[in-house]
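I opened this notebook to keep track of what I looked up, one topic at a time.

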Amino acid sequence: MSIDKETVKKIASLSRIAITEAEADAFVPELNQILGWVEQLGEVDCSKVEPMTAVIPNKLRLREDVVTDGEIRDKILANAPIAEHGFFAVPKVIE
Amino acid sequence: MTAIFEMGIAGIRSGIADGDFTAKEVAETFIARVSAAKPLNAFLVETPEHALAAAEATDKAKAAGETLGKMAGVPIGMKDLFCTQGVETTAASGILKGFVPQYESTVSSNLFQAGAGMLGKLNLDQFAMGSSNETSAFGNVISPWRRNDGGNSDLTPGGSSGGSAAVVSGRIAPAATGTDTGGSIRQPAAFTGITGFKPTYGRCSRWGTIAFASSLDQAGPMAHDVRDCAIMLGSMAGFDAKDSTSLDLPVPDWEAALSSNLAGKKIGIPKEYRVENMPAEIDALWEKGIEMLKDAGATIVDVSLPHTKYALPAYYIIAPAEASSNLSRYDGVRYGLRDLPDGAGLQDMYAATREAGFGPEVKRRIMIGTYVLSAGYYDAYYTQAQKVRTLISQDFDKAWNSCDLLLTPTAPSAAFGLGEKMDDPLAMYLNDVFTVPSSLAGLPAMSVPAGIDGKGLPLGLQIIGKALDEQSVFNAGLAIEERAGFVAKPEQWW
């Protein structure tokens with residue numbers, strides 16, 4: 001399946017990356033080349049194969065249901081582009 | 001006595017223990033090497049004060065007769081993918097410019113606990129996405145190596161751990177941390193004539209390491225030789241409750257059990273790794289490696305890993321898919337860059353920030369990852385790739401019925417010139433053809449320098465082992481190291 005410019009724009013929008021018309025044009029052949037190449041995976045008969053979930057068998061651990069962290073608000077906010085009154089600040093959400 | 005800057009971890013450790021020099025002298029030596037190495041563009045941040053403080057602590061501990069840590073007095077370079085408390089960490093991206101972590105990654109913390117100091121943060125491919133260190137937002141790293149044709153053209157140190165490879169091979173740091181997702185420790189190690197080790201997935205905690213593709217990312221050492229890698233990995237690895245995929249297993253003393261006697265070991269030679277258009281020199285090096293391992297007592301057997309050719313395409317679905325998810329956190333809200341055009345709303349801010357902050361290769365991978373995970377395509381691409389990954393892993397399991405280790409070249413060529421492959425993403429991806437399959441299977445693998453090509457550039461051999469059997473990989477690496485007699489070093493031109 002081949003990707004057209006509209007699809008590129010849709011992927012960019014899903015990816016939350018702003019792109020110009022020129023960039024969208026450039027992405028079309030590039031993504032088609034890469035996706036065309038990965039499509040060779042379709043040749044492999046995987047009808048009896050389970051998808052990989054963990055390379056090394058390992059169980060998710062459980063821990064006590066207790067608070068182990070916290071009281072670090074200022075550290076969390078330390079790198080925020082804008083933080084006010086102990087919160088992350090973002091532009092007004094109009095939707 | 002060997003000059004301090006020529007020494008690796010073991011040499012520095014015994015020199016300090018024997019009183020030949022102090023940790024402070026070691027730190028000062030390498031700090032001077034770092035400031036003189038600016039033309040290589042290997043460091044993004046220099047932290048001489050960190051190296052000096054660790055050295056002072058080592059000298060004090062020694063004076064007080066305390067037992068020194070395994071990395072005591074060794075100033076290392078830290079790939080800038082590891083979050084370091086109070087020291088800017090950007091993953092060589094614009095979007096994290098100015099990000100100062102408020103915490104220490106587990107791997108760097110383990111190394112500091114063992115007495116290591118830090119010379120600075122090392123340049124890399126942006127978010128570790130690249131094989132030549134040309135995707136960094138802060139410029140290319142230039143390899144200390146040059147071809148012997150007198151042309152002096154700038155070569156790649158490999159990637160993504162390009163800064164790490166450059167400083168270790170240039171004797172600017174005695175060792176450095178690397179991370180490996182599809183070959184990012186092994187390929188640069190091969191390109192620069194040093195030793196690099198990727199452990200079994202889960203040996204090193206991923207906590208505090210900036211995520212690229214979480215099911216593949218593993219940290220590991222890049223150093224002068226096999227012993228140094230064994231020492232350093234021993235100080236990096238270990239169970240960490242903060243990483244859900246961390247293996248809850250004791251860390252073996254790999255250094256103590258090093259032995260180059262391979263009697264009884266069977267080494268598999270996978271026929272599928274004889275790829276088209278491989279330079280004759282690499283083929284010849286592989287043959288030499290086979291002879292070296294035979295000489296060390298091993299038996300050689302031919303094996304088949306039939307799904308090898310599908311490893312790269314599977315990787316270039318799985319890694320971008322995980323990356324697109326991991327990198328969704330860079331939104332201009334909590335850390336890093338924010339680009340807020342006039343009158344823009346929240347969604348516009350996300351898109352503008354990510355447009356301004358990510359480089360072209362990162363965007364390309366996020367786009368591919370988003371596409372292969374999108375509705376209607378998920379099964380055809382992502383699920384199929386994860387199934388092929390199962391088959392690749394099973395190929396290795398079957399090979400282990402007839403052998404203990406695999407020997408292959410590390411990369412299909414020697415280091416190439418900067419700029420030579422940047423126009424063609426696919427050609428760049430093919431660099432990882434020998435390293436990606438073991439990454440997909442989570443297996444331990446290392447690159448050992450084993451020869452020099454006609455242009456005077458280093459070539460590496462790769463050893464792949466069974467899960468958790470790092471020891472056999474180290475031992476076979478040592479057997480090659482002892483026989484290859486690799487002593488070439490880049491001439492200092494910078």
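How many of the six residues of strand β6 (residues 218-223) of chain B are buried? I found that six of its six residues are buried, so to speak a mostly covered strand. I note at the outset that this is a predicted model, with an ipTM of 0.95 and a pTM of 0.97.

**Entry: partners of β6(B)**

I looked up the pairing next, and strand β4 (residues 175-180) of chain B runs antiparallel to β6(B), with six bridges between them. On another search I found strand β5 (residues 195-198) of chain B, which is also antiparallel to β6(B) and is joined to it by two bridges. Met222(B) in β6(B) turned up in both pairings: Ala176(B) stands opposite Met222(B), and Gly196(B) stands opposite Met222(B) as well.

**Entry: chain B as a whole**

I counted 15 helices and eleven strands in chain B, and I noted an average pLDDT of 97 for the chain, with 100% of the residues scoring at least 70. Buried residues account for 61% of the 494 residues in chain B. The C-alpha trace of chain B spans about 65 × 55 × 50 Å along its principal axes. I then compared the radius of gyration with the globule rule: a compact globule of 494 residues would have a value near 23 Å, and chain B has 21 Å, so the two agree. Of the contacts in chain B between residues at least 6 apart in sequence, I recorded that 77% join residues at least 24 apart.

**Entry: helix α15(B)**

I went on to helix α15 (residues 470-484) of chain B, whose 15 residues reach 21 Å from the first C-alpha to the last, close to the 21 Å expected at 1.5 Å a residue. Its buried residues include Val473(B), Phe474(B), Leu478(B) and Ile480(B), and Glu470(B) and Glu481(B) are also among them. What do these buried residues of α15(B) pack against? I found β5, α7 (226-236), α8 (280-295), β9 (405-409), β10 (445-452) and β11 (458-465) of chain B, and I recall that β5(B) is one of the strands paired with β6(B). After α15(B) comes Gly485(B), whose phi is positive, near 55 degrees.

**Entry: the side of chain B that touches chain A**

I looked up the interface last, where 55 residues of chain B are in contact with 38 residues of chain A. On the chain B side, α9 (311-326), α10 (346-357), α11 (360-373), α12 (378-399) and α13 (425-429) each supply at least two residues, and α12(B) gives the most, with ten. By residue class, I noted that this side of chain B divides into 30 nonpolar, 17 polar and eight charged residues.

I examined one of these helices, α9(B), separately: 14 of its 16 residues are buried, which leaves it mostly covered. Its 16 residues should span 22 Å at 1.5 Å a residue, and its end C-alpha atoms are 22 Å apart, so the span agrees.

**Entry: one residue of chain A**

I finished with Pro81(A), which lies in the loop between α3 (73-77) and β1 (83-84) of chain A. Is Pro81(A) buried or partly exposed? I recorded Pro81(A) as partly exposed because 19 other C-beta atoms lie within 10 Å, whereas buried would need 20 or more.

Key:
Residues numbered from 1 in each chain as written. Chains lettered and ligands numbered in written order. Predicted model: local features only at pLDDT ≥ 70, side-chain atom pairs only at ≥ 80, totals over all residues. Contact = placed C-beta atoms within 7 Å. Helix = DSSP H or I, 4+ residues; strand = E, 2+ residues; numbered from the N terminus. Nonpolar A, V, L, I, M, F, W, Y, C, P; charged D, E, K, R; others polar. Rg over C-alpha atoms; globule rule 2.2 N^0.38 Å. Buried ≥ 20, exposed ≤ 12 C-beta atoms within 10 Å, placed from the backbone. Pairing = 2+ DSSP bridges. pLDDT = per-residue confidence, 0-100. Expected span 1.5 Å × (residues − 1).
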